[in-house]
Amino acid sequence: MVSDWFGEAEPGQRFIEYIKDKAPEFAEDFDFGFEPIKEDLLPLELYLYQLPKELKVEQRTLRTSYTSIMEDEQLRCLMVVMTDVTAQLEAEESERRLRQDMAVFERIMGDRCGFEDFLNEAQNLVNQICGSERLSATVEARLVHTLKGNTGLYRIDTVAELCHEMEEHAAEDLGGMRA
């Protein structure tokens with residue numbers, strides 16, 4: 001399976017070199033986390049815990065686990081186990097969306113007029129956020145936060161999570177929500 005994901009390995013090729021073409025970010029994170037192991041300053045388990053746990057290769061999501069192989073109380077080699085969790089994650093996402101749809105349906109059945117008001121308000125907020133008029137960062141943040149809260153109340157988690165991501169990016173950029 002590994003050769004299907006990454007291609008054939010060259011004899012004696014280091015793990016990082018082997019995966020870097022298909023997963024460069026993972027290879028860099030792994031290399032960064034693996035280098036301190038050689039110094040042997042902290043418990044090996046701590047170093048292994050800090051190694052990256054997941055990577056994407058094309059359309060697949062792989063989870064990693066690590067097993068140390070010791071010889072005379074020294075790390076001889078590290079076994080990296082990769083598990084394809086793509087189907088599992090897709091099933092979890094499908095189930096999450098189904099729960100969200102059921103929650104929305106229950107809200108509609110319980111208060112159709114209230115839900116229509118919510119939809120109109122949400123559309124108004126989206127129009128203001130995405131409109132051609134340039135908003136101040138503060139106003140834009142308030143609108144996104146309001147949309148996040150309203151969609152959260154109606155358990156429309158996908159939109160609430162998107163709003164949360166927008167807030168995080170804006171906080172990182174300190175320059176507003178738009179890219």
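What share of the contacts between residues at least 6 apart in sequence joins residues at least 24 apart? In the protein, that share is 43%.

**Figure 1. Overall fold of the predicted model.** Eight helices and three strands make up the secondary structure of the protein. Read from the N terminus, the elements follow the order α-α-α-α-β-β-β-α-α-α-α. Along the principal axes, the C-alpha atoms occupy a box of roughly 70 × 35 × 30 Å. The radius of gyration of the protein is 23 Å, whereas a compact globule of 179 residues would have a value near 16 Å.

**Figure 2. Surface and charge of the protein.** The accessible surface amounts to about 12,600 Å², and carbon and sulfur atoms contribute 53% of this area. Of the 179 residues, 28% are buried. The side chains include 19 positive and 38 negative ones, and the centres of these two sets are 4 Å apart.

**Figure 3. Buried face of helix H3 (residues 24-34).** The buried residues of this helix are Phe-26, Ala-27, Phe-30, Gly-33 and Phe-34. Viewed down the axis of H3, these residues lie within an arc of 135°, and therefore line one face of the helix. In an α-helix there are 3.6 residues a turn, so residues three or four places apart point the same way.

Figure 4. On the face turned away from the buried side, H3 carries the exposed residues Pro-24, Glu-25, Glu-28 and Phe-32.

Key
Residues are numbered from 1 along each chain as its sequence is written. This is a predicted model: local features need pLDDT of at least 70, side-chain atom pairs count only at pLDDT 80 or more; totals for chains, interfaces and linings use all residues. Side-chain values use heavy atoms; hydrogens and water are left out. Helices (H or I, at least four residues) and strands (E, at least two) are DSSP runs, numbered from the N terminus. The radius of gyration is taken over C-alpha atoms; the globule rule is 2.2 Å times the number of residues to the power 0.38. Buried means under 20% relative accessible area, exposed over 50%, partly exposed in between (1.4 Å probe, protein chains only). Contact means heavy atoms within 4.5 Å. Accessible areas come from the Shrake-Rupley method with a 1.4 Å probe; for residues, only the protein chains shown count as cover. Lys and Arg count as positive and Asp and Glu as negative; His and the chain ends are not counted. The place of a charge is taken as NZ of Lys, CZ of Arg, CG of Asp or CD of Glu. The arc is that of the directions from the helix axis to the C-beta atoms.
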